[in-house]
Amino acid sequence: MKQEALSAFQYGDLSSFAMILFMLTFIGFIYFAYNKHNKKFFDQMARMPLNSDNEVES
Amino acid sequence: MSEATGGPLLNETYDDKIVKAFTLATLVFGLVAFIVGLLAALQLAYWPFNFNLEWLTFGRIRPLHTNAAIFAFAGNAIFAGIYHSSQRLLKTRMFNDTLSWAHFWGWQAIILAAAISLPLGFSQSKEYAELEWPIDIAITVVWVIFAVNFFGTLIRRREKHMYVAIWFYIATIITVAVLHIFNSLEVPVGMMQSYPVWAGIQDALVQWWYGHNAVAFFLTTPFLGLMYYYVPKASGRPIYSYRLSIIHFWALVFIYIWAGPHHLLNTALPDWAQTLGMVFSLMLWAPSWGGMINGLLTLRGAWHLLRTDPIVKFLITAVTFYGMSTFEGPLLSIKSVSSLAHYTDWIIGHVHGGALGWNGFLTFGMLYFLIPKLWNTKLYSMKLATTHFWIGLTGILLYYISMMASGLTQGLMWQAINDKGQLIYPDFVQTVTEIVPLYWVRAAGGLLFIAGFLIMLYNVYMTIQSAPAEEKAEAVTAPVHPKDGRHTGDGGHRKLEGMVITFSILSFLAIAVGSVIEIYPTLSLHKYIDKNAMVEPWTPLEQAGRDIYVKEGCYVCHSQMIRKLPFDVIRFGEASTIEESIYNRPFQWGSKRTGPDLARVGGKYPHLWHLRHMNNPRDLVEASLMPRYPWLEKKKIDFYSLRRKFSVMQSLGVPYGDETVANADKIAEEEAITLAAELTKEIQAAGGSVPENLERTQITALIAYLQALGQKGKK
């Protein structure tokens, strides 16, 4: 019985699926982040906390 | 900025009163949390600090300390920082002042309820989720109030894009809600008592999914948000790499949620879940260090600030501690390292590197920055702030090093086996006496940390004294209409940053995937196990005893999970199985062994041994540091509630017959009479005097439970 119960715990495929899902998501975000197109925008975003507290970013 | 793009301009003031309130609450509860922590440290160094009072024993004080540190100190700090920075980053006042104050007072009321109920022994004995069900409900309500207020603010924001700090806040709010709700699914069995719907291994997995992510989403993501705002603020430089922050955010949110099982390595948890927990914990190293580097390098070209500005000192040291803790965490998640470190004080050291160094110092830095701004004045003394920094840092280092040394000592002594395959330190208490000097060093470290904090309180007091009498609220002028990213033609992540709802749903999905994959298979466990073929559930008296064990918080020192490791098995007996704890609500596998594992203590000693040991452990084990529990011989067993409890257990799937449920109280009374008679015989044989009302006092129920531990699976 116990053996049977434990055999139900071989969720190896689930782990592989999780890994693949994770890698794909991760690559997606790297693509977004390092897309040259966004560089200027990011610099602007990075300055947000430094803009004086009552000045609106244009 | 023109009317054409955002509608008419509106001028409004930021709500800084609420920020001030949270700031002061942080300071007050910081003091409470630290002092209670010091008391706990002293109790382990010198047992009389338990004062032989049930309200002050270590089993009740430690949960009070952890809850105060996490939810009262760090919680109020997070709220102060979020309310302050969000308004400025979103260029708007908080959504609704009434909600802000409901959030504030609601949270303080919860803290008060915790401060009263934990010492009284109302505890679920699940780490960082000890608070009983009425308080759990209150937490949910207050958290929803906070969420509505925060998302309302996001929606009425007058800044198109959400800065990275805001994403971290969003992830925090969503994830903490999910964690709290799932880990708090419990059935009340009394005004201040409940059983979780999860049992045994399920409860363990859900609890550590919660417990680990309390660290991740209560002590990490919100503080990272604060880092991304206050480090640039204090140093006057933008964050090192905004790109890195995007990766940091998504990788962290996605990976963190998986790491919970690293708290259960080498236990009865199925291997696949252990492996998953270990692998994801190792992966966490990358985004965590990405975040640390991002924080540290923000100072590039301005390193001199580290020398001259105590605020920057605090913030940057905090980020360094974040880096150290997130390096150590994955290391501890490696199965072989865990076999050495788990259950030892190394973990306590690890936690405090994070809590004192990362959360504590980041909070202090933030508050030194905020308080003069909020009160429209200058910090009373930069010099005192620098003194605070050095004293505090020395305290943390003493704390960390002593606990690391203590943990390694314990771990190595527990493992030590000679050529003949025997334990070199068979007597557990030897491994305890060895580390007591280190407990004193730890207490000294804590004392220094508090001393530094007292200097801060004085500094803050003097600063506020110097504030101008007239309050001046900061105002912002910005277009009324929130500009929705959808209309702007931005692509990719830029668009995402403009869309609150989409962004929040994606964050939710990021945490949901890991949670479901990890927990679902375990929740469906009942399909595969024929419960009747396994252990017997607790008898009514044993269950009554178990409830006392839970109430007294014995789990703070005792595990009930013998790992599948040779030295654990030699010391404590056969490794614990899933089946053995399958009916346990809550599970009591524990996370620390200041005392020996109790999973198989049943039958090891006569009843009388336990009676005397619980009354005063030193009577039997001279060097013991376990507290005394003399009140157990006075307080009565609650027979009356047993029928209700058993019917709840039955409805949750524990195989009790209707007869047992209907007569649970009577059965327990009979069991107690039998046990008391056996005990009386033993006492008389030993020539002692028999305590009054043995058959009705709690000690009898507790002994019944202790004697049944590990005996249930025997055929």
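Colleague: Let's start with one residue: in which helix is Ala77(B) found?

Modeller: Ala77(B) belongs to helix α3 of chain B, which covers residues 58-90. Helices here are DSSP runs of H or I with at least four residues, strands are E runs of at least two, and both are numbered from the N terminus. This is a predicted model, where local features need pLDDT of at least 70 and side-chain atom pairs count only at pLDDT 80 or more, while totals for chains, interfaces and linings use all residues; side-chain values use heavy atoms, without hydrogens and water. Residues are numbered from 1 along each chain as its sequence is written, and chains are lettered from A and ligands numbered from 1 in the order in which they are written.

Colleague: How confident is the predictor in chain B, as mean pLDDT?

Modeller: pLDDT gives that confidence for each residue, from 0 to 100. Chain B has a mean of 92, with 94% of its residues at 70 or more. Residues 484-488 of chain B are below 50, and beyond near neighbours in sequence this stretch has 6 contacts (heavy atoms within 4.5 Å) in the model. For the complex, the predictor gives an ipTM of 0.75 and a pTM of 0.94.

Colleague: Back to Ala77(B): is it buried or exposed?

Modeller: Under 20% relative accessible area is buried, over 50% is exposed, and in between is partly exposed (1.4 Å probe, protein chains only). Ala77(B) has 0% relative accessibility, so it counts as buried. Leaving out residues up to four places away in sequence, Ala77(B) touches Thr26(B), Leu226(B), Thr363(B) and Met366(B). As for Phe567(B), it is 490 residues from Ala77(B) in sequence and 43 Å from it in space, C-alpha to C-alpha.

Colleague: And where is the place of His248(B)?

Modeller: His248(B) sits in helix α9 of chain B, residues 242-256. With a relative accessible area of 2%, His248(B) is buried. Its contacts, again without residues up to four places away in sequence, are Phe168(B), Leu224(B), Tyr228(B), Pro287(B), Gly291(B) and Tyr322(B).

Colleague: At roughly what angle do the axes of α6(B) and α9(B) cross?

Modeller: Axes are lines fitted to C-alpha atoms, for helices over the stretch in contact, and angles between N-to-C directions run from 0 to 180 degrees. Helix α6 of chain B (residues 164-183) and α9(B) have axes that come within 10 Å and cross at roughly 5 degrees. That makes the two helices roughly parallel (under 35 degrees; over 145 is roughly antiparallel, 65 to 115 roughly perpendicular, the rest oblique). On the α6(B) side the contact is made by Val164(B), Trp167(B), Phe168(B) and Ala171(B), and on the α9(B) side His248(B) is one of the residues involved.

Colleague: Which ring does the charged end of Lys551(B) sit over?

Modeller: The ring of Phe122(B), with 5.1 Å to its centre. A charge sits over a ring if NZ of Lys or CZ of Arg is within 6 Å of the centre and within 35 degrees of the ring normal. Arg618(B) also lies over a face, that of Trp47(B), at 3.6 Å from the ring centre.

Colleague: What should I know about the backbone?

Modeller: Most residues other than glycine have a negative phi, and most peptide bonds are trans. Ser125(B), not a glycine, has a positive phi of about 55 degrees. Ser125(B) lies in the loop between α4 (97-117) and α5 (133-155) of chain B, and its 3% relative accessibility makes it buried. Asn693(B), also not a glycine, has a positive phi of about 50 degrees, and at 29% relative accessibility it is partly exposed. Lastly, Arg585(B) and Pro586(B) are joined by a cis peptide bond, with omega about -10 degrees.
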